[in-house]
Protein chains: 2
Amino acid sequence: WWWFKALVVGVATKTMKLGRDDPRRVIHALKVGLALSFVSLFYYFRPLYNGFGDATMWAVLTVVVVFEYTVGATLGKGLNRGLATLLAGALGVGAHHLATLSGEKGEPMVLSIFVFILAAAATFSRFFPGIKARYDYGVVIFILTFSLVSVSGYHADKILHLARQRLSTILMGGCVCMIISIFICPVWAGQDLHNLIALNMEKLADFLEGFGGEYFESDHGDEKSASDGSKSDKSFLQGYKSVLNSKATEESLANFARWEPCHGFFRFFHPWDQYLKVGSLIRQCSYRIEALSDCINSDIQAPLEFKKEIQGACIKMSSESGKALRELASGVRTMTQKGSIDIHIANSKNATNDLNSILKSTLPKNADLLQIMPAATAS
Amino acid sequence: WWWFKALVVGVATKTMKLGRDDPRRVIHALKVGLALSFVSLFYYFRPLYNGFGDATMWAVLTVVVVFEYTVGATLGKGLNRGLATLLAGALGVGAHHLATLSGEKGEPMVLSIFVFILAAAATFSRFFPGIKARYDYGVVIFILTFSLVSVSGYHADKILHLARQRLSTILMGGCVCMIISIFICPVWAGQDLHNLIALNMEKLADFLEGFGGEYFESDHGDEKSASDGSKSDKSFLQGYKSVLNSKATEESLANFARWEPCHGFFRFFHPWDQYLKVGSLIRQCSYRIEALSDCINSDIQAPLEFKKEIQGACIKMSSESGKALRELASGVRTMTQKGSIDIHIANSKNATNDLNSILKSTLPKNADLLQIMPAATAS
């Protein structure tokens, strides 16, 4: 009993946290509930049920399977399902017709061969990266519908009747999903991608702006941080870590975004590929930062006098490229171009040159810090 | 027509390439075809069809949806589907029974509310990372079955009959999938994960062993590489790039592997989590290598005399840690421990110390190369 109570409390706190992190999740769950209970009313609305019979089931099935978190994913799945059902249904009727020509004995054989060939070919096509990304669900539904229709063993006129029933219920289910997902608190994959890219830039900017102080303070700032009383918040030094593995998220958001109609600032043919390119540059940059951040905690530190020599230039360089990135991020957010970025980049480049001449005079191969620059300017 | 021919040729070459890269893909496609045409024979085998009627459809549906590339994914989906159907079916019958108590007018209302609450709660539970990773498909099937059963509007005895039919056909479909996927050329997710981890280590080893030569040669080896005639193969310098983004693949393979029964060297409770930990260390290491590899192509190079001074120690350090990684990888592949690893690590550490004293004497903060060591030794 005590164990059960702990479990309930644990689940409740986790639920609260998930909901508070992103309230759209709660809304999404309610939207799915709404769509399903709406569709299930078809069963009770006699004229509809009499028209469709058991095919009403396909409306429920469609809603459950098609309704996804973002509008793009829902539209993509819905369109995939609709088109694949149509295409496979037509092919299935054709295959069934061909098979009946070969007589009652030959029919199962011919149909099995058809199913084998089409299922194998379609399954293999799922390994193509382009198909996997956008049409994976459509191919599954294609195999399913083709098998069901060609094999069902009904007469052609009954098949046509059934096909019409199923198609229209699938259409209804799909429309309910799309309408609810677009018009009630929509979650746009494109908007999410846009925000994610800007947020990732800001995380890198946080790090770069804080890095200089952190790295050079760690040697002679012990008494200062002790006098602060509490250790100040270092979370800005960890934020970039989530950028390292953002590739999968960005790619799936971009794939969903391609299905979305125009909304807010985004048109239908918004250049989502560009986001992926910027995203991969940001990731490149975050790899350098991961290497940089080791310098803070490394056991092997440069001699103090050397550090003091490069301190000014390094802090300047890092914080100016951080500022440039932050300006870029806010430029992305508001979709405007800002002149101030160039100033920061120029400042940062000056600092780089200063550092370079300091290094030349004291010799070493310190290309390490300089490597942030190409990535920062490129993005 | 010309366009069509180009398309066909393009698709054919791509298909050949996909098939040659991993012939198991072709076999997988054939296996799906086999399973489907086998299940579709149920329609023609009269005693079976008369027993199950239209429910035969659920066998086809199960095969199409459950059959996945790896054994683990197939088992996971099959078990999810079976258990979720059972649970949701029972709950659905219960809900239906409760609703009938509230009279003919109240029934649709009560049922809609049930469906709404359960669908919303189950949809929300899909946001929990733990559920998302392993039971996502089960939750979808739970929502689907509950809605279908509770709403279907049949009398209780007919529901039980239908439920038995559907469950047994789903069971049959699932068993066909599992048997074919386990006994005909199985693709084990666990084995794939195991190989992937070893392969990733080898890619890093390739880089580390080649890096020293590449970095120090680029200055004074111009006439040499020209005399070679052709530029030598540099692919070993690029191999590690695929490691940077391996997280998603590793995690999904580990999730699938947990469903797999013992096979080859792997027991049922094989510690798959450890693979993820090693994988993340390898990734950490690859981030350092990404930063290192910039040194090769960077415009800013250290002065030649300085490079010459550190050359011996650097090459030794890098190639010895590469060798240690290669030994580790072959140790992982054969599941043995090798004593020679310690020797390479000791060599590498000696080289590190040499380099450190050279650097101390010539001053700079060159902690850069040293940072590979912790990651290499930790893994």
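How many of the 379 residues of chain A count as buried? The share is 50%, and the legends below go on from there through a predicted model.

**Figure 1. Chain A in overview.**
The chain has 17 helices and 0 strands. Of its 379 residues, 50% count as buried. Take the contacts in chain A with a separation of 6 or more: residues 24 or more positions apart account for 78% of them.

**Figure 2. How chain B is laid on chain A.**

**Figure 3. The interface of chain B and chain A.**
Here 74 residues of chain B are in contact with 74 residues of chain A. Interface size is often expressed as the accessible area that is lost when the parts come together. For chain B and chain A, the buried area is about 7,000 Å², with 72% of it on carbon and sulfur atoms. Between the two chains there are 2 salt bridges and 2 residue pairs in polar contact, both residues being at pLDDT 80 or more. Which elements of chain B give two or more residues to the side that touches chain A? They are helix H1 (2-21), helix H2 (24-40), helix H4 (56-66), helix H6 (103-125), helix H7 (129-151), helix H12 (247-257) and helix H13 (272-297) of chain B. H2(B) gives the most, with 11 residues. Sorted by class, this side of chain B has 47 nonpolar, 16 polar and 11 charged residues.

**Figure 4. A salt bridge across the interface.**
Zoom in on B:Glu290 and A:Arg288, which form a salt bridge. The closest N and O atoms of B:Glu290 and A:Arg288 are 3.3 Å apart. The count of salt bridges between chain B and chain A is 2.

**Figure 5. Helix H9 meets helix H14 in chain A.**
Side chains of opposite charge can pair when their charged atoms come close. In this view, the side chains of A:Arg333 and A:Glu202 meet in a salt bridge at 3.1 Å, N to O. A:Arg333 lies in helix H14 (residues 304-334) of chain A and A:Glu202 in helix H9 (residues 189-220) of chain A, so this pair ties together parts that are 131 residues apart in sequence. A:Arg333 is partly exposed, with a relative accessible area of 34%, whereas A:Glu202 counts as buried at 19% relative accessibility; under 20% is what buried means here.
The side chains of A:Glu209 and A:Arg326 also meet in a salt bridge, at 3.1 Å from N to O. With A:Glu209 in helix H9 of chain A and A:Arg326 in helix H14 of chain A, the pair ties together parts that are 117 residues apart in sequence. A:Glu209 is partly exposed, with a relative accessible area of 31%, and A:Arg326 is partly exposed, with a relative accessible area of 31%.

**Figure 6. The pair B:Glu202 and B:Arg333 in chain B.**
B:Glu202 forms a salt bridge with B:Arg333, and their closest N and O atoms are 3.1 Å apart. Because B:Glu202 lies in helix H9 (residues 189-220) of chain B and B:Arg333 in helix H14 (residues 304-334) of chain B, the pair ties together parts that are 131 residues apart in sequence. Is B:Glu202 buried or exposed? B:Glu202 counts as buried, at 19% relative accessibility, while B:Arg333 counts as partly exposed, at 34%.

**Figure 7. A network of salt bridges in chain A.**
A:Asp22, A:Arg24 and A:Asp192 are linked in a network of salt bridges. A search of the whole structure finds 28 salt bridges over all chains.

**Figure 8. Two single residues.**
A:Ser125 has its place in helix H6 (residues 103-125) of chain A. A:Ser125 is buried, with a relative accessible area of 16%. Leaving aside residues up to four places away in sequence, A:Ser125 touches A:Ile131 and A:Val139. Over in chain B, B:Leu281 lies in helix H13 and is partly exposed, with a relative accessible area of 28%. B:Leu281 and B:Asn356 are 75 residues apart in sequence, and from C-alpha to C-alpha they are 24 Å apart in space.

Definitions and conventions:
Residues numbered from 1 in each chain as written. Chains lettered and ligands numbered in written order. Predicted model: local features only at pLDDT ≥ 70, side-chain atom pairs only at ≥ 80, totals over all residues. Heavy atoms only, no water. Contact = heavy atoms within 4.5 Å. Buried area = accessible area lost by both parts, 1.4 Å probe. Salt bridge = Lys/Arg side-chain N within 4 Å of Asp/Glu carboxyl O. Polar contact = N/O pair within 3.5 Å; in protein donor to acceptor, adjacent residues only side chain to side chain. Helix = DSSP H or I, 4+ residues; strand = E, 2+ residues; numbered from the N terminus. Nonpolar A, V, L, I, M, F, W, Y, C, P; charged D, E, K, R; others polar. Buried < 20%, exposed > 50% of the residue type's maximum accessible area, 1.4 Å probe, protein only.
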